[in-house]
Amino acid sequence: MSELAIEIRGLVKTFPSFQLGPLDLSVPSGAIYGLIGPNGAGKTTTIDLLLGMGRKNAGSMRVFGLDSERDEVAIKKRIGYVSPDLSFLPWGRVRKLVNFVRSFYDDWDDQYCRFLIERLKIDWNERISALSFGNRVKVSLLLALSHRPDLLLLDEPTAGLDAVSKQQIFSQLLSAVQDEQRTVLIASHGLADVERFTDHLGMIKDGRLLLQGSTGEIVDRFRMVDFVAAAGFHPNGVPGVFVQSQKGERWQALVDMQADAVERLKARGARDVSLSPVTLEDLFIALAKEED
Amino acid sequence: MRVLLSDFLHRYRWWFLGGGVFCIFMSWLRVMDPDMPNFILMLALIGPICVAQDHHRGSLKVLAVLPLNRRTISRSCWIEAVVLAPALSFVVVSLGTLLAGLTGEVWYGLGTLLEMPLIAFAYAGSMYFFLTMMPPASYQNVLAKSLSVLAALFWGLLAGLHIFVASLSLDRGGGIVLVACGLALTVFSFFSSFLLIERRTALRPHAKKKRPAACEIRLGGGATGKARYWLESFSLCLLLSLGIMLFMTLIFSLSLSLMRGESPLMILTHRSSGHFVMVFLLIFLLAFGLGFQMRTLLGMRLWRTLPLSGLRLTLLLFLLPAGNVVAFLVVLSLFLFPSVEWPGVFTLAGLFPVILALAIVLFALLLQIGIRNLMLIVGVGGVFFTFFGILAAFRGAEEIIVRLSSLPVVVICILAAIVALWWGYRCIQSRSELYRPLTVAWGPFNAQR
């Protein structure tokens with residue numbers, strides 16, 4: 001098995017008003033990878049392209065070492081996909097939908113499917129149109145997990161869900177992952193969930209990947225710095241410094257500790273420097289703000 | 001209300017303008033050949049269709065939050081659907097008559113000139129009435145759902161029979177009865193318009209929380225997966241075709257018997273014109289061919305995540321139009337079998353390649369333009385409908401069937417179907433839009449988001 005579950009190199013997809021990429025993304029096997037970014041950043045487009053929903057303009061995408069276009073079917077047999085955007089309406093009822101989908105997978109586990117139906121409290125005979133939003137996501141999860149995929153792609157799986165449903169879904173996901181060392185890619189802007197459940201992270205904005213690495217390392221790598229600087233001070237162009245606000249002589253900036261940004265600021269005349277740790281949410285907002 | 005009306009007219013100005021030009025053109029053809037079907041009511045159709053399109057796009061939710069009371073919204077909807085298009089058809093007919101009079105031709109007589117707007121008004125009003133009877137949500141009770149299906153049937157019936165309705169005359173007793181019924185429905189529609197607004201702008205009532213029933217989870221058994229899906233679609237189509245054909249034949253024969261004073265059985269077994277069946281053929285091809293495929297397109301995102309190659313998915317999806325065409329032809333042949341004047345089922349079977357090619361081309365078109373653009377789909381359907389209507393009017397339905405079954409036409413159709421299949425494959429492979437979720441609730445597919 002390849003060491004990387006997903007390997008994206010130089011991916012470009014152009015729309016009339018948006019361009020994804022060039023994007024390089026690496027998801028290690030067995031990782032729970034959070035792909036985070038603001039709305040319209042390109043998270044869903046990336047996942048869609050992995051699943052063949054649209055054609056890329058350039059680049060390559062490999063899943064478990066297989067080419068996403070040439071080995072489409074083999075890849076999809078190993079993927080489970082969860083999204084609230086899946087419409088099951090044409091299948092009428094839950095049982096019809098499940099029976100339809102199961103026939104496409106050789107390794108569909110009926111016993112596990114029954115277990116999930118009971119665990120997620122899904123009504124087997126319920127009409128799809130009568131399902132609540134949360135229950136539709138649960139059905140999506142049921143379909144994705146029942147064939148015990150090697151890779152789970154979750155596109156905003158908990159968007160719009162209440163805390164209880166969210167908890168149910170994540171606990172089910174975690175148990176599925178812990179049992180069998182699956183790789184999970186979660187695309188979300190629910191930062192608290194991503195921070196809690198993921199061990200790797202990629203931050204995407206305007207179609208470009210800003211950061212990538214293990215969640216702990218990324219969060220540790222950055223600090224919020226408050227400092228005082230005389231009039232005329234301007235930190236623009238200092239590598240690893242992302243200015244957040246300025247009030248008179250007081251500045252606040254996000255700094256990349258790997259780029260020796262604090263030393264550089266001091267060299268330019270920053271004084272009374274105080275550092276504080278950041279949460280993923282702080283980091284996300286700070287980077288998004290700096291880019292704006 | 002003035003703002004609402006002018007906004008509506010502005011947004012749909014090309015439809016009204018196009019409809020007006022089309023009606024003038026068709027009426028001009030009719031001056032040359034009085035046996036041509038009367039298309040003047042095509043214009044009256046535009047009002048209710050545009051309003052339906054507006055509702056489909058969720059305009060009512062937007063209007064509901066504006067500082068307008070619901071009565072104003074419902075009245076403006078009623079005027080948009082019922083009054084504007086007949087008024088325009090009156091203008092068109094008057095202008096045409098005036099122009100024809102200047103060149104010494106007789107286009108429409110004075111009687112028709114006065115009758116036509118009234119019939120158009122009753123027609124548009126009836127169409128709108130049935131639209132107001134279609135509850136939007138799928139969580140309604142059985143009675144509401146049945147009512148919705150019935151209203152949809154009548155809507156389709158009226159839309160399909162507009163040529164027939166346009167040839168109504170107030171000189172005959174039957175015509176007066178039908179127009180009077182239409183006017184009564186128009187009056188009802190004024191009041192039911194308010195109900196429509198209430199329903200469409202209301203929040204979704206909370207469904208009763210029920211515990212999942214302790215049912216047996218039966219997985220598998222019988223045809224599953226692709227086969228199951230295809231069979232279900234096929235059998236449902238067959239059943240619906242049969243039911244609706246029965247229903248429409250009954251209505252048609254009863255209406256004709258009212259107008260001609262002949263028994264309904266006589267009309268059914270001795271049809272003097274083949275237009276009726278030709279029109280049926282196309283309406284059903286569009287309704288079932290496209291209708292079922294639109295249902296499929298709602299689930300495209302799931303289809304694409306399944307372990308199927310693009311080519312297999314294309315072939316599988318294009319099996320649906322084929323199945324629907326077979327189902328449709330089986331039902332149609334059952335109806336045509338007892339007909340004395342028709343060449344019979346075997347001749348009709350010669351039409352299969354043409355209809356199949358048409359269904360495949362239409363499905364490819366649906367993949368290209370997407371389910372969102374309902375108006376364009378209706379427009380394309382209208383073009384086919386008109387094309388065959390004109391052909392049937394000039395040549396006669398029997399001759400058309402013979403011509404369409406000829407070898408060159410069949411070869412062209414097969415080529416067109418192959419190109420359409422290839423095009424469909426390209427769309428499935430490359431069109432990201434195809435997999436985007438629908439954000440607008442629409443009729444029976446009401447996506448509750």
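The structure described here is a predicted model. F64(A) is found in the loop that runs between strand 4 (58-63) and strand 5 (66-67) of chain A. Its phi angle is near 50°, which is a positive value in a residue other than glycine.

K121(A) also has a positive phi, of about 55°, although K121(A) is not a glycine. This residue belongs to the loop between helix 4 (110-119) and helix 5 of chain A. Is K121(A) buried or exposed? K121(A) is exposed, because it has 11 other C-beta atoms within 10 Å and the limit for an exposed residue is 12 or fewer.

## Chain A as a whole

Chain A contains ten helices and 14 strands. Its C-alpha trace spans about 70 × 40 × 35 Å along the principal axes. Of the 292 residues in chain A, 44% count as buried. Among contacts in chain A between residues at least 6 apart in sequence, 71% bring together residues that are at least 24 apart.

## The six-stranded sheet

One element of chain A is an open sheet of six strands, arranged in the order 6-7-8-3-9-10 and with mixed pairing. Strand 6 (79-82) and strand 10 (208-214) of chain A stand at the edges; each has a single partner strand, so one side of each is left without a neighbour in the sheet. From one strand to the next, the twist averages 15°.

Within this sheet, strand 8 (residues 183-188) of chain A pairs with strand 7 (residues 151-155) of chain A in the parallel sense, over five bridges. Strand 3 of chain A likewise pairs with strand 8 of chain A in the parallel sense over five bridges. On strand 8 of chain A, T183(A) is the bridge partner of L151(A). A187(A) is the bridge partner of D155(A), and A187(A) is also the bridge partner of L35(A).

## The covering of strand 8

How many of the six residues of strand 8 of chain A are buried? Six of its six residues are buried, and the strand is described as mostly covered. In a regular strand the side chains alternate between the two faces of the sheet. On one side of strand 8 of chain A are T183(A), L185(A) and A187(A), and on the other are V184(A), I186(A) and S188(A); all are buried, and both faces are covered.

## Helices packed across the sheet

Helix 1 (residues 43-50) of chain A lies across strand 3 (32-36), strand 7, strand 8 and strand 9 (200-205) of chain A. The direction of helix 1 makes an angle of about 145° with strand 7 of chain A. Helix 5 (residues 133-145) of chain A lies across strand 6 and strand 7 of chain A, and runs at about 180° to strand 6 of chain A.

## The nonpolar cores

Which residues of the largest nonpolar core touch the most other members? They are L142(A), L153(A), L185(A) and I360(B), in a core of 117 residues. Helix 16 (residues 352-369) of chain B contributes the largest share of this core, 13 residues. A second, separate core has 48 residues, including M116(B), A124(B), F130(B) and F154(B).

Leaving aside residues up to four places away in sequence, L153(A) touches I47(A), L50(A), I79(A), Y81(A) and L185(A).

## Two domains in chain A

The domain assignment divides chain A into domain 1 (4-206) and domain 2 (218-291). The centres of domain 1 and domain 2 of chain A, taken over C-alpha atoms, are 36 Å apart. Where the two domains of chain A meet, eight residues of domain 1 are in contact with seven residues of domain 2.

Helix 7 (191-197) and strand 9 of chain A each supply at least two residues of the side of domain 1 that touches domain 2. The residues on that side of domain 1 of chain A comprise six nonpolar, no polar and two charged.

Notes:
Residues numbered from 1 in each chain as written. Chains lettered and ligands numbered in written order. Predicted model: local features only at pLDDT ≥ 70, side-chain atom pairs only at ≥ 80, totals over all residues. Pairing = 2+ DSSP bridges. Helix = DSSP H or I, 4+ residues; strand = E, 2+ residues; numbered from the N terminus. Axes fitted to C-alpha atoms, helices over the stretch in contact; angles between N-to-C directions. Domains from an automatic or database assignment. Nonpolar A, V, L, I, M, F, W, Y, C, P; charged D, E, K, R; others polar. Buried ≥ 20, exposed ≤ 12 C-beta atoms within 10 Å, placed from the backbone. Core = buried A, V, L, I, M, F, W, Y, C linked by C-beta atoms within 7 Å.
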